[in-house]
Amino acid sequence: MNLRARITEDMKTAMKAKDAPRLAAIRLLLAAIKQKEVDERRELDDDATIAVIEKLTKQRKDSVSQYEAAGRQDLADAEQFEITVLAAYLPEKMSGEAIAAAVAAAVAETGAKGPADMGKLMAVLKPRLAGKADMAEVSRRVKAALS
């Protein structure tokens, strides 16, 4: 079963269980997926669906920090719940050691020497690690390896 079918089944389950917060989060996700499909005029595969989920998760994390800064913990908690619902559809994240090993392998492969080669290195790593690792963490490790 592909990811989109799993999300649709989870929506049906949430409807039957009358779980309104989970249902709202899943509907929001399905709407974002459908919007992306309309924009690109094609059905999304699992990788593209994961990219949509990651984008929504990043937006929610930004919202949580802004709500907490404004003292609106109720809204921050609602966004945090949506993050947990979205996280269920993301693949298992790579460990720090695995990220470090991938960065070291890419440095050896590309022959990157200094900070000027960061773009070249990230261009190699992004297709390999997208969806599997937090790209901000990868970027931090690349900067450390090149400095």
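Mentor: Terms first: helices are DSSP runs of H or I, at least four residues, and strands are E runs of at least two, numbered from the N terminus. The model is predicted, so to say: local features need pLDDT of at least 70, side-chain atom pairs count only at 80 or more, and totals for chains, interfaces and linings use all residues. Residues are numbered from 1 along each chain as its sequence is written, and side-chain values use heavy atoms, without hydrogens or water.

Trainee: What volume does the largest pocket have?

Mentor: About 670 Å³. A pocket is an open set of points on a 1 Å grid over the protein atoms alone, where a 1.4 Å probe fits, with protein on both sides within 12 Å along at least five of seven lines; lining residues have an atom within 4 Å of a point. Volume is the space filled by probe spheres set on the points, which are joined across faces, edges and corners.

Trainee: What lines the second largest pocket?

Mentor: Ala32, Lys36, Ala48, Ala51, Val52, Lys55 and Leu56. Its space is about 160 Å³. H2 and H3 each give at least two residues, and H3 gives the most, 5. By class, that lining has 5 nonpolar, no polar and 2 charged residues.

Trainee: Packing now. At what angle do H2 and H3 pack?

Mentor: About 125 degrees, axes 10 Å apart. Axes are lines fitted to C-alpha atoms over the stretch in contact, and angles run from 0 to 180 degrees between N-to-C directions.

Trainee: Which residues meet there, H2 against H3?

Mentor: Leu28, Leu29, Ala32, Ile33 and Lys36 in H2 meet Thr49, Val52, Ile53, Leu56 and Arg60 in H3. Contact means heavy atoms within 4.5 Å. The H2 contact with H3 holds 7 nonpolar, 1 polar and 2 charged residues.

Trainee: And at what angle do H2 and H4 pack?

Mentor: H2 (20–40) and H4 (73–87) pack at about 65 degrees, with axes 10 Å apart. Pro21, Arg22, Ala25, Ile26, Leu28 and Leu29 in H2 meet Phe81, Glu82, Val85 and Leu86 in H4. That contact has 8 nonpolar, no polar and 2 charged residues.

Methods
Ala, Val, Leu, Ile, Met, Phe, Trp, Tyr, Cys and Pro count as nonpolar, Asp, Glu, Lys and Arg as charged, and the others, Gly among them, as polar.
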